[in-house]
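Reader: Please show me the sequence and the model. I will ask for the grounds of each label.

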Amino acid sequence: MRLSELPIEYKKAIPVIRKIEAAGFEAYFVGGSVRDTLLGQKIHDVDIATSAFPEEIKQLFPKTIDIGIEHGTVLVLHEEEQYEITTFRTESTYQDYRRPDSVSFVRTLEEDLKRRDFTINAFALKEDGEIIDLFDGLADLENHVLRAVGRPFERFHEDALRMMRGLRFVSQLGFKLEEETAKAIEDNHALLEKISIERMNVEFIKMLLGDFRNHGLVAFVETKCYIYCPQLKEDGEALLRFADLPSIPLKKESQAWALLLNQLGRAEQEVAPFLKAWKCSNQMIREVQRLVKGLAKRQERRLTPLEIYHLGKDASLDVEELMIYFQQTPDTTTVLDIYHALPIKTMSELSIDGKVLLATSEKKPGKWVSEALALAESAVVNGLVPNEQAALLTYLKEQQG
(Lines give C-alpha, C1' and ligand atoms only; values in the text may rest on other atoms or scores of the structure.)
Protein backbone atom coordinates (compact mmCIF):
# COMPACT_ATOMS: atom_id res chain seq x y z
CA MET A 1 0.00 0.00 0.00
CA ARG A 2 1.20 3.50 -0.77
CA LEU A 3 -0.19 6.76 0.57
CA SER A 4 -0.84 9.34 -2.13
CA GLU A 5 -0.38 12.26 0.26
CA LEU A 6 1.66 12.52 3.45
CA PRO A 7 0.63 14.75 6.38
CA ILE A 8 2.56 18.00 6.67
CA GLU A 9 4.24 16.70 9.84
CA TYR A 10 5.87 13.95 7.78
CA LYS A 11 6.75 16.26 4.90
CA LYS A 12 8.72 18.47 7.29
CA ALA A 13 10.69 15.43 8.47
CA ILE A 14 11.54 14.05 5.00
CA PRO A 15 14.87 15.97 4.84
CA VAL A 16 15.91 14.15 8.03
CA ILE A 17 14.99 10.77 6.52
CA ARG A 18 16.84 11.58 3.31
CA LYS A 19 19.97 12.65 5.14
CA ILE A 20 20.07 9.33 6.97
CA GLU A 21 19.48 7.40 3.74
CA ALA A 22 22.14 9.40 1.92
CA ALA A 23 24.63 8.14 4.49
CA GLY A 24 23.77 4.56 3.53
CA PHE A 25 21.28 3.72 6.29
CA GLU A 26 17.58 2.87 6.33
CA ALA A 27 15.05 5.18 7.99
CA TYR A 28 11.28 4.98 8.36
CA PHE A 29 8.43 6.72 10.10
CA VAL A 30 7.06 4.37 12.76
CA GLY A 31 4.70 4.18 15.70
CA GLY A 32 1.29 5.57 16.51
CA SER A 33 1.54 8.42 14.03
CA VAL A 34 1.51 5.94 11.12
CA ARG A 35 -1.56 4.24 12.56
CA ASP A 36 -3.33 7.56 13.03
CA THR A 37 -2.46 8.64 9.49
CA LEU A 38 -4.04 5.47 8.14
CA LEU A 39 -7.12 6.13 10.26
CA GLY A 40 -7.35 9.68 8.96
CA GLN A 41 -6.70 11.15 12.38
CA LYS A 42 -4.46 14.06 13.29
CA ILE A 43 -0.94 13.01 14.17
CA HIS A 44 1.23 14.42 16.92
CA ASP A 45 4.73 13.12 17.53
CA VAL A 46 6.70 11.94 14.50
CA ASP A 47 9.04 9.09 15.42
CA ILE A 48 11.73 7.68 13.15
CA ALA A 49 13.39 4.26 13.29
CA THR A 50 16.71 3.67 11.57
CA SER A 51 19.43 1.12 10.97
CA ALA A 52 21.98 3.76 11.99
CA PHE A 53 23.39 3.45 15.49
CA PRO A 54 23.06 6.40 17.91
CA GLU A 55 26.63 7.59 17.43
CA GLU A 56 26.18 7.47 13.67
CA ILE A 57 23.08 9.64 13.94
CA LYS A 58 24.96 12.12 16.12
CA GLN A 59 27.65 12.39 13.49
CA LEU A 60 25.07 13.15 10.80
CA PHE A 61 23.24 15.96 12.58
CA PRO A 62 24.84 19.00 14.25
CA LYS A 63 22.13 19.42 16.91
CA THR A 64 21.19 16.34 18.94
CA ILE A 65 20.22 15.52 22.52
CA ASP A 66 20.80 12.17 24.21
CA ILE A 67 17.34 11.50 25.64
CA GLY A 68 17.55 7.71 25.80
CA ILE A 69 20.75 6.75 24.11
CA GLU A 70 21.10 3.55 26.16
CA HIS A 71 17.91 2.40 24.39
CA GLY A 72 19.04 3.77 21.03
CA THR A 73 17.10 7.04 21.02
CA VAL A 74 18.56 10.40 20.02
CA LEU A 75 16.58 13.62 19.71
CA VAL A 76 17.47 15.43 16.49
CA LEU A 77 16.77 19.16 16.25
CA HIS A 78 15.98 20.10 12.66
CA GLU A 79 14.97 23.65 11.79
CA GLU A 80 12.10 24.39 14.22
CA GLU A 81 11.15 20.75 14.78
CA GLN A 82 12.54 17.90 16.85
CA TYR A 83 12.40 14.20 16.14
CA GLU A 84 13.10 11.12 18.22
CA ILE A 85 15.27 8.82 16.13
CA THR A 86 15.68 5.30 17.47
CA THR A 87 17.98 2.58 16.24
CA PHE A 88 16.43 -0.74 15.21
CA ARG A 89 16.73 -2.95 18.27
CA THR A 90 15.85 -6.22 19.89
CA GLU A 91 15.28 -6.74 23.58
CA SER A 92 16.25 -9.49 25.97
CA THR A 93 14.12 -11.02 28.70
CA TYR A 94 12.10 -8.81 31.06
CA GLN A 95 12.69 -9.83 34.66
CA ASP A 96 10.43 -7.10 36.09
CA TYR A 97 7.72 -7.11 33.37
CA ARG A 98 8.55 -3.44 32.69
CA ARG A 99 12.07 -2.99 31.33
CA PRO A 100 14.26 -5.25 29.19
CA ASP A 101 17.33 -6.64 30.92
CA SER A 102 19.35 -5.53 27.90
CA VAL A 103 18.88 -3.91 24.49
CA SER A 104 20.76 -4.94 21.34
CA PHE A 105 20.97 -2.71 18.28
CA VAL A 106 20.31 -4.40 14.95
CA ARG A 107 20.37 -3.39 11.30
CA THR A 108 17.07 -4.91 10.13
CA LEU A 109 13.63 -3.37 10.30
CA GLU A 110 11.83 -6.69 10.78
CA GLU A 111 13.71 -7.45 14.00
CA ASP A 112 12.69 -4.05 15.31
CA LEU A 113 9.01 -4.29 14.40
CA LYS A 114 8.71 -7.78 15.94
CA ARG A 115 9.00 -6.26 19.42
CA ARG A 116 6.08 -3.81 18.95
CA ASP A 117 2.95 -4.30 21.02
CA PHE A 118 0.04 -4.47 18.55
CA THR A 119 -0.14 -5.02 14.81
CA ILE A 120 -1.71 -1.62 14.23
CA ASN A 121 1.34 -0.04 15.86
CA ALA A 122 3.86 -2.11 13.92
CA PHE A 123 3.78 -0.27 10.61
CA ALA A 124 6.73 1.46 8.99
CA LEU A 125 6.24 4.26 6.48
CA LYS A 126 8.78 5.17 3.81
CA GLU A 127 9.27 8.75 2.70
CA ASP A 128 7.60 7.95 -0.63
CA GLY A 129 4.40 6.90 1.15
CA GLU A 130 4.88 3.13 0.96
CA ILE A 131 3.50 1.28 3.98
CA ILE A 132 5.50 -1.67 5.25
CA ASP A 133 3.12 -4.07 7.00
CA LEU A 134 4.81 -7.26 8.17
CA PHE A 135 2.09 -8.45 10.59
CA ASP A 136 -1.19 -7.88 8.71
CA GLY A 137 -1.92 -4.70 10.63
CA LEU A 138 -3.75 -3.21 7.63
CA ALA A 139 -6.28 -6.04 7.75
CA ASP A 140 -6.70 -5.53 11.50
CA LEU A 141 -7.23 -1.80 10.96
CA GLU A 142 -9.87 -2.51 8.35
CA ASN A 143 -11.60 -5.07 10.57
CA HIS A 144 -11.28 -2.95 13.72
CA VAL A 145 -9.35 -5.65 15.55
CA LEU A 146 -6.67 -5.14 18.18
CA ARG A 147 -4.17 -7.99 17.93
CA ALA A 148 -0.83 -8.42 19.68
CA VAL A 149 2.24 -8.84 17.50
CA GLY A 150 3.38 -12.46 17.52
CA ARG A 151 2.58 -14.35 20.72
CA PRO A 152 0.45 -12.20 23.08
CA PHE A 153 1.82 -13.99 26.14
CA GLU A 154 5.34 -12.85 25.27
CA ARG A 155 4.31 -9.27 24.48
CA PHE A 156 2.57 -8.84 27.84
CA HIS A 157 5.37 -10.49 29.77
CA GLU A 158 7.82 -8.07 28.17
CA ASP A 159 5.83 -5.10 29.42
CA ALA A 160 2.65 -5.73 31.41
CA LEU A 161 1.50 -2.15 30.83
CA ARG A 162 0.73 -3.22 27.26
CA MET A 163 -2.43 -4.83 28.63
CA MET A 164 -3.68 -1.45 29.84
CA ARG A 165 -2.54 0.13 26.57
CA GLY A 166 -4.62 -2.43 24.73
CA LEU A 167 -7.71 -1.54 26.74
CA ARG A 168 -6.98 2.12 26.13
CA PHE A 169 -6.88 1.52 22.36
CA VAL A 170 -10.20 -0.32 22.59
CA SER A 171 -11.64 2.79 24.23
CA GLN A 172 -10.04 5.27 21.86
CA LEU A 173 -10.61 3.42 18.60
CA GLY A 174 -13.65 1.25 19.32
CA PHE A 175 -11.71 -1.84 18.20
CA LYS A 176 -12.42 -5.33 19.50
CA LEU A 177 -9.73 -7.37 21.21
CA GLU A 178 -8.71 -10.34 19.09
CA GLU A 179 -9.66 -13.56 20.90
CA GLU A 180 -6.15 -14.81 21.69
CA THR A 181 -5.02 -11.32 22.71
CA ALA A 182 -8.00 -10.91 25.04
CA LYS A 183 -7.36 -14.31 26.61
CA ALA A 184 -3.69 -13.48 27.16
CA ILE A 185 -4.66 -10.27 28.94
CA GLU A 186 -7.13 -12.12 31.16
CA ASP A 187 -4.60 -14.87 31.90
CA ASN A 188 -1.87 -12.38 32.78
CA HIS A 189 -3.81 -9.51 34.36
CA ALA A 190 -2.09 -10.09 37.71
CA LEU A 191 1.16 -8.83 36.16
CA LEU A 192 -0.26 -5.31 36.48
CA GLU A 193 0.78 -5.54 40.11
CA LYS A 194 4.36 -5.09 38.85
CA ILE A 195 3.60 -1.80 37.08
CA SER A 196 4.00 1.63 38.67
CA ILE A 197 0.75 3.39 39.51
CA GLU A 198 1.91 6.49 37.63
CA ARG A 199 2.14 4.54 34.36
CA MET A 200 -1.21 2.85 35.04
CA ASN A 201 -2.80 6.23 35.71
CA VAL A 202 -1.83 7.57 32.27
CA GLU A 203 -3.41 4.64 30.42
CA PHE A 204 -6.48 4.49 32.66
CA ILE A 205 -7.35 8.14 32.14
CA LYS A 206 -6.86 7.84 28.39
CA MET A 207 -9.27 4.91 28.52
CA LEU A 208 -11.88 6.95 30.42
CA LEU A 209 -11.55 9.82 27.94
CA GLY A 210 -11.84 7.61 24.86
CA ASP A 211 -14.62 8.03 22.30
CA PHE A 212 -15.64 4.41 22.98
CA ARG A 213 -15.26 4.48 26.76
CA ASN A 214 -18.03 1.91 27.22
CA HIS A 215 -16.17 -0.66 25.09
CA GLY A 216 -12.96 -0.04 27.02
CA LEU A 217 -14.65 -0.39 30.41
CA VAL A 218 -16.37 -3.64 29.48
CA ALA A 219 -13.05 -5.10 28.28
CA PHE A 220 -11.39 -3.74 31.43
CA VAL A 221 -13.81 -5.78 33.55
CA GLU A 222 -13.97 -8.88 31.33
CA THR A 223 -10.17 -9.26 31.34
CA LYS A 224 -10.17 -8.72 35.12
CA CYS A 225 -7.55 -5.98 34.85
CA TYR A 226 -9.59 -3.82 37.22
CA ILE A 227 -8.74 -6.17 40.09
CA TYR A 228 -5.13 -5.01 40.11
CA CYS A 229 -5.90 -1.32 39.76
CA PRO A 230 -5.95 0.90 42.87
CA GLN A 231 -9.19 0.92 44.86
CA LEU A 232 -11.16 -1.01 42.22
CA LYS A 233 -10.82 -4.65 43.29
CA GLU A 234 -14.44 -4.96 44.46
CA ASP A 235 -16.00 -2.69 41.84
CA GLY A 236 -16.56 -4.86 38.78
CA GLU A 237 -20.35 -4.41 38.79
CA ALA A 238 -20.08 -0.66 39.40
CA LEU A 239 -17.65 -0.32 36.49
CA LEU A 240 -20.14 -2.09 34.23
CA ARG A 241 -22.84 0.33 35.41
CA PHE A 242 -20.46 3.12 34.49
CA ALA A 243 -20.12 1.51 31.05
CA ASP A 244 -23.91 1.61 30.68
CA LEU A 245 -23.99 5.41 30.87
CA PRO A 246 -24.41 7.30 27.59
CA SER A 247 -21.20 6.81 25.58
CA ILE A 248 -20.68 10.52 25.01
CA PRO A 249 -16.94 11.25 25.34
CA LEU A 250 -15.82 13.01 28.50
CA LYS A 251 -13.95 16.27 27.99
CA LYS A 252 -11.68 16.57 31.01
CA GLU A 253 -9.70 14.31 33.31
CA SER A 254 -11.33 15.86 36.38
CA GLN A 255 -14.79 15.13 34.96
CA ALA A 256 -13.76 11.54 34.23
CA TRP A 257 -12.62 10.95 37.81
CA ALA A 258 -15.73 12.66 39.21
CA LEU A 259 -18.14 10.60 37.12
CA LEU A 260 -16.25 7.41 37.96
CA LEU A 261 -16.35 8.14 41.69
CA ASN A 262 -20.04 8.97 41.41
CA GLN A 263 -20.76 5.63 39.76
CA LEU A 264 -18.63 3.78 42.30
CA GLY A 265 -20.73 5.37 45.04
CA ARG A 266 -17.74 6.85 46.83
CA ALA A 267 -18.57 9.38 49.54
CA GLU A 268 -17.08 12.88 49.52
CA GLN A 269 -14.54 11.99 52.21
CA GLU A 270 -13.36 9.00 50.16
CA VAL A 271 -12.33 11.08 47.13
CA ALA A 272 -8.88 12.13 48.35
CA PRO A 273 -7.75 8.65 49.49
CA PHE A 274 -8.99 7.14 46.22
CA LEU A 275 -7.12 9.63 44.03
CA LYS A 276 -4.00 9.52 46.18
CA ALA A 277 -3.91 5.77 45.62
CA TRP A 278 -3.89 6.59 41.90
CA LYS A 279 -1.02 9.06 42.46
CA CYS A 280 -3.04 12.04 41.25
CA SER A 281 -1.68 15.53 41.86
CA ASN A 282 -2.96 17.62 44.75
CA GLN A 283 -4.42 20.06 42.21
CA MET A 284 -6.35 17.27 40.51
CA ILE A 285 -7.60 16.00 43.86
CA ARG A 286 -8.93 19.44 44.77
CA GLU A 287 -10.66 19.81 41.40
CA VAL A 288 -12.30 16.41 41.61
CA GLN A 289 -13.42 16.96 45.20
CA ARG A 290 -15.30 20.08 44.08
CA LEU A 291 -16.91 18.23 41.18
CA VAL A 292 -17.95 15.21 43.26
CA LYS A 293 -19.55 17.48 45.86
CA GLY A 294 -21.27 19.61 43.23
CA LEU A 295 -22.47 16.63 41.20
CA ALA A 296 -24.09 15.00 44.23
CA LYS A 297 -26.09 18.18 44.86
CA ARG A 298 -26.88 18.75 41.18
CA GLN A 299 -28.35 15.26 40.85
CA GLU A 300 -30.92 16.25 43.49
CA ARG A 301 -31.74 19.75 42.23
CA ARG A 302 -30.39 22.87 40.53
CA LEU A 303 -27.35 24.45 42.12
CA THR A 304 -28.03 27.56 44.18
CA PRO A 305 -26.18 30.84 43.62
CA LEU A 306 -24.19 30.20 46.81
CA GLU A 307 -23.18 26.73 45.63
CA ILE A 308 -22.14 28.09 42.24
CA TYR A 309 -20.17 30.81 44.02
CA HIS A 310 -18.26 28.28 46.13
CA LEU A 311 -17.69 25.93 43.20
CA GLY A 312 -16.54 28.68 40.87
CA LYS A 313 -17.48 29.17 37.24
CA ASP A 314 -15.39 26.37 35.69
CA ALA A 315 -16.35 23.68 38.20
CA SER A 316 -20.02 24.68 38.06
CA LEU A 317 -20.01 24.35 34.27
CA ASP A 318 -18.17 21.02 34.50
CA VAL A 319 -20.81 19.69 36.90
CA GLU A 320 -23.63 20.90 34.67
CA GLU A 321 -22.07 19.23 31.62
CA LEU A 322 -22.03 15.91 33.48
CA MET A 323 -25.82 15.92 33.74
CA ILE A 324 -25.97 14.63 30.17
CA TYR A 325 -25.00 11.24 31.61
CA PHE A 326 -28.12 11.28 33.79
CA GLN A 327 -30.72 11.86 31.06
CA GLN A 328 -30.73 15.62 31.55
CA THR A 329 -29.85 18.33 29.05
CA PRO A 330 -27.08 20.49 30.57
CA ASP A 331 -28.19 24.09 31.04
CA THR A 332 -24.84 25.86 31.02
CA THR A 333 -26.46 29.15 29.98
CA THR A 334 -28.40 29.38 33.24
CA VAL A 335 -25.30 28.48 35.24
CA LEU A 336 -23.35 31.27 33.51
CA ASP A 337 -26.19 33.73 34.04
CA ILE A 338 -26.26 32.95 37.76
CA TYR A 339 -22.48 33.19 38.01
CA HIS A 340 -22.26 36.53 36.21
CA ALA A 341 -25.08 37.91 38.37
CA LEU A 342 -23.24 37.16 41.60
CA PRO A 343 -22.48 40.39 43.50
CA ILE A 344 -19.03 39.04 44.36
CA LYS A 345 -16.99 36.23 42.80
CA THR A 346 -14.44 35.72 45.59
CA MET A 347 -14.05 36.55 49.28
CA SER A 348 -11.43 39.16 48.37
CA GLU A 349 -14.18 41.27 46.80
CA LEU A 350 -16.08 41.49 50.09
CA SER A 351 -16.08 45.06 51.40
CA ILE A 352 -14.99 43.93 54.86
CA ASP A 353 -12.11 41.75 55.98
CA GLY A 354 -10.53 40.57 59.21
CA LYS A 355 -8.78 43.88 59.83
CA VAL A 356 -12.04 45.80 59.53
CA LEU A 357 -13.80 43.44 61.91
CA LEU A 358 -11.07 43.70 64.53
CA ALA A 359 -10.86 47.49 64.17
CA THR A 360 -14.61 47.87 64.72
CA SER A 361 -14.94 45.36 67.55
CA GLU A 362 -13.69 45.07 71.08
CA LYS A 363 -13.31 41.32 70.70
CA LYS A 364 -9.91 39.66 70.60
CA PRO A 365 -8.77 37.80 67.46
CA GLY A 366 -10.24 34.33 67.21
CA LYS A 367 -12.41 31.91 65.30
CA TRP A 368 -15.26 34.41 65.37
CA VAL A 369 -13.52 36.46 62.66
CA SER A 370 -13.62 33.73 60.01
CA GLU A 371 -17.16 32.80 61.05
CA ALA A 372 -18.29 36.40 60.68
CA LEU A 373 -16.69 36.73 57.25
CA ALA A 374 -18.34 33.52 56.09
CA LEU A 375 -21.70 34.80 57.33
CA ALA A 376 -21.20 38.11 55.53
CA GLU A 377 -20.07 36.34 52.38
CA SER A 378 -23.21 34.16 52.29
CA ALA A 379 -25.46 37.13 52.96
CA VAL A 380 -24.00 39.13 50.08
CA VAL A 381 -24.11 36.22 47.64
CA ASN A 382 -27.71 35.44 48.60
CA GLY A 383 -28.69 39.07 48.14
CA LEU A 384 -29.66 39.63 51.78
CA VAL A 385 -27.24 42.51 52.26
CA PRO A 386 -25.51 44.86 49.81
CA ASN A 387 -21.73 44.54 49.59
CA GLU A 388 -21.16 47.71 51.58
CA GLN A 389 -19.06 47.97 54.71
CA ALA A 390 -21.60 49.79 56.89
CA ALA A 391 -24.47 47.51 55.87
CA LEU A 392 -22.43 44.37 56.52
CA LEU A 393 -21.22 45.52 59.94
CA THR A 394 -24.81 46.28 60.92
CA TYR A 395 -25.97 42.91 59.62
CA LEU A 396 -23.26 41.04 61.54
CA LYS A 397 -24.05 42.94 64.71
CA GLU A 398 -27.69 41.96 64.38
CA GLN A 399 -26.84 38.33 63.66
CA GLN A 400 -24.04 37.82 66.18
CA GLY A 401 -24.76 40.40 68.78
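Reader: Over which ring does the charged end of Arg-168 sit, and at what distance from its centre?

Author: The charged end of Arg-168 sits over the ring of Phe-169, 4.6 Å from its centre. To count, CZ of Arg or NZ of Lys must be within 6 Å of the ring centre and within 35 degrees of the ring normal. Lys-345 has its charged end over the ring of Tyr-339, 5.5 Å from the centre. Before going on: this is a predicted model, in which local features need pLDDT of at least 70 and side-chain atom pairs count only at pLDDT 80 or more, while totals for chains, interfaces and linings use all residues. Residues are numbered from 1 along each chain as its sequence is written, and side-chain values use heavy atoms, with hydrogens and water left out.

Reader: How many aromatic pairs does the structure hold?

Author: There are eleven aromatic pairs. One of them joins Phe-204 and Phe-220.

Reader: What makes the pair of Phe-204 and Phe-220 tilted?

Author: The ring centres are 5.6 Å apart and the planes stand at 45 degrees. Rings of Phe, Tyr and Trp (its six-membered ring) pair if their centres lie within 6.5 Å; planes under 30 degrees apart count as stacked, over 60 as edge-to-face and the rest as tilted. An angle of 45 degrees is therefore tilted. The pair links distant parts of the chain, with Phe-204 in helix H9 (residues 197-208) and Phe-220 in helix H10 (residues 213-222), 16 residues apart. Helices (H or I, at least four residues) and strands (E, at least two) are DSSP runs, numbered from the N terminus.

Reader: What class does the pair of Phe-204 and Trp-278 fall into, and on what values?

Author: Phe-204 and Trp-278 are stacked, at 4.5 Å centre to centre with 15 degrees between the planes. Trp-278 lies in the loop between helix H13 (271-277) and helix H14 (282-298) while Phe-204 lies in H9, so the pair ties together parts 74 residues apart in sequence. Phe-204, Phe-220, Tyr-226, Trp-257, Phe-274 and Trp-278 form one aromatic cluster.

Reader: Is Phe-204 buried or exposed, and on what value?

Author: Phe-204 has a relative accessible area of 0% and is buried. The cut-offs are under 20% for buried, over 50% for exposed, and partly exposed in between (1.4 Å probe, protein chains only). Trp-278 also counts as buried, at 0%. Phe-220 is buried as well.

Reader: How many of the residues of H10 are buried?

Author: Seven of its ten residues are buried, and H10 is mostly covered. Among the buried ones are Arg-213, Asn-214 and Gly-216. The buried residues pack against helix H7 (161-173), strand S11 (176-177), H9 and H11.

Reader: Why are H10 and H11 called roughly antiparallel?

Author: H10 and helix H11 (236-243) pack at an angle of about 165 degrees, with their axes 8 Å apart. The axes are lines fitted to C-alpha atoms, for helices over the stretch in contact, and angles run from 0 to 180 degrees between N-to-C directions. Angles under 35 degrees count as roughly parallel, over 145 as roughly antiparallel, 65 to 115 as roughly perpendicular and the rest as oblique. The two helices are therefore roughly antiparallel.

Reader: Which residues of H10 and H11 meet?

Author: On the H10 side they are Arg-213, Asn-214, Leu-217, Val-218, Phe-220 and Val-221, and on the H11 side Gly-236, Leu-239, Leu-240, Phe-242 and Ala-243. Contact means heavy atoms within 4.5 Å.

Reader: Is Asp-235 buried or exposed, and where is this residue found?

Author: Asp-235 is found in the loop between H10 and H11. Its relative accessible area is 9%, so it counts as buried. Leaving out residues up to four places away in sequence, Asp-235 touches Tyr-226, Leu-264 and Arg-266.

Reader: What is the phi of Gln-231?

Author: Gln-231 has a positive phi of about 65 degrees although it is not a glycine. Most residues other than glycine have a negative phi. Gln-231 is in the loop between H10 and H11, and at 41% relative accessibility counts as partly exposed. His-144 has a positive phi near 55 degrees and lies in the loop between helix H5 (137-143) and strand S10 (145-146).

Reader: What makes Thr-332 partly exposed?

Author: The relative accessibility of Thr-332 is 27%, which falls between the two cut-offs. Thr-332 is in helix H17 (residues 332-341). Apart from neighbours within four places in sequence, Thr-332 is in contact with Leu-317, Glu-320 and Glu-321.
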